[in-house]
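Me: Hi! Could you walk me through this structure with me asking as we go?

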Amino acid sequence: MSGLNLSVAVIGAGVCGLAAAIRVRELGITQLTIYEKDEDVGGTWLNNRYPGCGCDVESHLYSFSFAQNPNWSTAYAGRAEIHQYVRDVVADKKLLPHIRFRTRVVSMSWSAAESRWRLKLAIRGDNGSVESVDATANVVICAMGPLSVPSIPANIDPAEFDGPVVHTNEWDESVQHKGKRVAVIGNAASGVQVIGAIVDEVESLTVFQRTPNWVLPRWNPQHSAPFKWIFAHVPGAQRVWRTLLYLRRDLILHNVFRPSNFLAGRVSKLAANWMKSSVPPEMHDAIIPNYRFGCKRLIVSNDYLPAISSPKTTLITTPIQRLTKTGVLLTDGTTVPADLVVLATGFQIQKPFTSTEVIGSDETTTLAEKWANTRDAYLGITAHGYPNMYLMLGPYTGLAHSSVLTMAELQAEYVTRILRRQMQTGTPAVAVTKAAEQAFVARCEKGMDGTAWKDGGCVSWYLDKPGGSPSALWPWTVFWYWWTTRKVVWSDYEPKMVLPLKMRLMMLVPTPRRAVKSVLLVLLAMAITRRFAVGKGAHDWITGLTRKLVGR
Ligand SMILES: Cc1cc2nc3c(=O)[nH]c(=O)nc-3n(C[C@H](O)[C@H](O)[C@H](O)COP(=O)(O)OP(=O)(O)OC[C@H]3O[C@@H](n4cnc5c(N)ncnc54)[C@H](O)[C@@H]3O)c2cc1C
């Protein structure tokens with residue numbers, strides 16, 4: 001490697017920031033700092049403390065490939081268990097010394113003269129004081145989380161209500177819901193979880209539904225001791241299980257988001273029948289969506305439909321006008337009294353990336369301005385005009401069908417390939433070209449054609465604006481993202497970072513891994529040619545070559 005020492009700042013200690021930090025450190029980069037505005041790691045799994053919060057992807061898949069956990073208690077773990085898992089990974093990877101808690105990155109601007117980012121930090125003290133501090137880093141990895149800034153509808157002003165109002169992302173555990181009249185506004189992914197979890201404990205529950213959601217049953221068995229034992233002791237067992245979970249989602253579930261696909265029609269019919277069988281007939285019209293299956297995030301829940309059918313629950317579909325001192329005022333003039341209002345109203349997607357002021361190489365344009373109309377980025381990882389800056393789960397790389405942790409790992413891997421090349425070639429700064437960015441966005445936009453996310457007839461948080469592009473999502477399978485990111489196309493970056501000849505020659509020397517791979521490929525080719533008798537000549541040639549290579 002050249003003498004280039006890169007310092008790296010990661011913003012956010014959620015699962016994506018941690019995945020990136022772990023890979024960066026494996027590169028041998030020691031000047032690594034993770035800035036985290038909160039007091040602990042975990043991001044999503046630290047903050048969403050509402051009852052019932054958990055994963056809707058199986059935990060064996062919603063976990064790091066490099067830190068698999070044989071002890072998940074259930075198929076879909078709850079928030080606390082996932083949070084503990086994240087903390088364990090941080091301890092195991094000895095990342096804590098790199099993390100600066102209570103430190104918010106307020107702004108960052110690129111200094112071309114120094115080839116580094118200048119960061120402005122706001123550090124929160126014990127007494128609530130805030131200290132402003134400057135910092136620098138050659139490389140910044142933005143892992144602020146696409147879903148970490150709550151969205152509150154414009155007509156809801158918490159100050160108008162006399163009791164407590166809590167957003168699911170900022171759950172206050174000191175607020176009591178037991179025995180209270182609780183109003184839950186919103187019934188999407190977080191709403192259904194909280195509704196199912198609290199219905200038995202409250203005096204009454206009112207669910208305010210703007211749009212119904214497609215709901216699927218969730219099979220969430222407890223993992224038995226023998227099941228865990230197998231994963232802990234049988235080599236490869238957990239990897240096989242994880243692969244099966246992954247394949248089921250990539251090969252099957254991914255297809256339901258294309259309405260023209262036979263599977264989409266079948267699954268939506270089955271879902272509608274199951275939903276109708278789970279609630280009284282008079283609720284059917286209210287709960288069955290009038291938009292395409294998969295257009296909004298699919299809900300997997302066994303307890304939501306029973307909860308809204310409970311005699312304690314009232315499902316309200318009349319729009320909300322505003323909050324009053326005593327409850328929720330509807331547009332028809334009625335007021336629903338409540339002691340506690342829960343806002344399950346979702347997130348301002350990608351807002352965390354733009355609420356930090358990020359000024360790129362032209363010294364004026366902020367990322368928020370660049371993304372004002374369309375969220376342009378390349379592979380969801382780099383953005384033209386922002387050198388040495390990388391995004392985790394940036395535009396076009398969220399998933400509706402599988403675990404975003406797999407995407408985060410692929411992105412972290414991709415970033416380290418660029419950093420390694422920078423160090424090998426002594427290149428202090430690199431940025432994606434505009435042409436590459438535009439071509440990628442155009443490809444994704446085309447990929448969205450015919451999907452339920454784009455043409456399904458709903459308004460969802462996947463869209464960059466109502467009627468806009470579902471740029472929150474990757475249009476294809478995770479496999480295809482792996483394929484797309486497995487190599488860096490160096491001509492998509494400026495400068496191109498061509499390796500010196502000596503280094504290229506050295507790369508031809510087989511490493512033990514490459515040698516094993518080559519032998520396996522040759523063996524596979526032999527087996528195929530023998531099995532299918534594809535050209536005896538080819539078979540003889542490969543056999544001869546293998547004998548020569550292994551010296552027999
Ligand atoms: C309730 C819920 C359930 C979910 N379930 C699933 C699921 O089952 N499967 C799935 O694939 N995805 C799920 N998701 C999506 C989820 O967001 C991702 O899986 C994942 O947690 C994102 O990780 P992250 O590190 O990118 O972001 P986050 O977990 O949001 O972490 C971002 C971190 O950055 C910090 N931060 C933000 N801005 C700044 C700043 N300016 N300075 C310093 N620090 C900052 C935040 O404090 C936070 O700690 C769920 C999301 C929610 C909200």
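**Working chat**

Me: Where does Thr477 lie?
Reply: Thr477 lies in the loop between helix 14 (452–455) and helix 15 (478–485). Helices (H or I, at least four residues) and strands (E, at least two) are DSSP runs here, numbered from the N terminus. This is a predicted model, where local features need pLDDT of at least 70 and side-chain atom pairs count only at pLDDT 80 or more, while totals for chains, interfaces and linings use all residues. Residues are numbered from 1 along each chain as its sequence is written, and side-chain values use heavy atoms, with hydrogens and water left out.

Me: Is Thr477 buried or exposed?
Reply: Thr477 counts as buried, because its relative accessibility is 19%. Buried means under 20% relative accessible area, exposed over 50%, and partly exposed in between (1.4 Å probe, protein chains only).

Me: And what does Thr477 contact?
Reply: Setting aside neighbours within four places in sequence, Thr477 is in contact with Asp250, His254 and His401. Contact means heavy atoms within 4.5 Å.

Me: How many bridges join strand 4 and strand 5?
Reply: Strand 4 (residues 103–111) and strand 5 (residues 116–124) pair over 8 bridges, in the antiparallel sense. Within that pairing, Arg104 has Ala122 of strand 5 as its bridge partner.

Me: What about Leu329, which strand is that in?
Reply: Leu329 is in strand 15 (residues 327–330). With 12% relative accessibility, Leu329 counts as buried. Not counting residues up to four places away in sequence, Leu329 touches Ile320, Gln321, Arg322, Thr324, Thr334 and Thr335.

Me: Now charges. How many salt bridges are there?
Reply: The count comes to 17 salt bridges, each being a side-chain nitrogen of Lys or Arg within 4 Å of a carboxyl oxygen of Asp or Glu. One of them joins Glu58 and Arg248, with the closest N and O atoms 2.3 Å apart. That pair links distant parts of the chain: Glu58 is in the loop between helix 2 (44–47) and helix 3 (79–92), and Arg248 is in helix 6 (residues 237–252), 190 residues apart. Glu58 is buried at 6% relative accessible area, whereas Arg248 is partly exposed at 43%.

Me: Which residue does Asp126 pair with?
Reply: Asp126 meets Arg102 in a salt bridge, 2.6 Å from N to O. Asp126 lies in the loop between strand 5 and strand 6, and Arg102 in the loop between strand 3 (99–100) and strand 4, so the pair ties together parts that are 24 residues apart in sequence. Asp126 is exposed, with a relative accessible area of 74%, while Arg102 is partly exposed at 22%.

Me: Last topic: how many disulfides does the structure hold?
Reply: The structure holds 1 disulfide, a term for a pair of cysteine sulfur atoms within 2.5 Å. Cys295 and Cys458 form it, with their sulfur atoms 2.0 Å apart. The torsion about their S-S bond is about -90°, so the disulfide is left-handed. Cys295 sits in the loop between helix 8 (284–287) and strand 12 (299–300), and Cys458 in the loop between helix 14 and helix 15, 163 residues apart. Both Cys295 and Cys458 are buried.

Methods
Two strands pair if DSSP finds at least two bridges between them.
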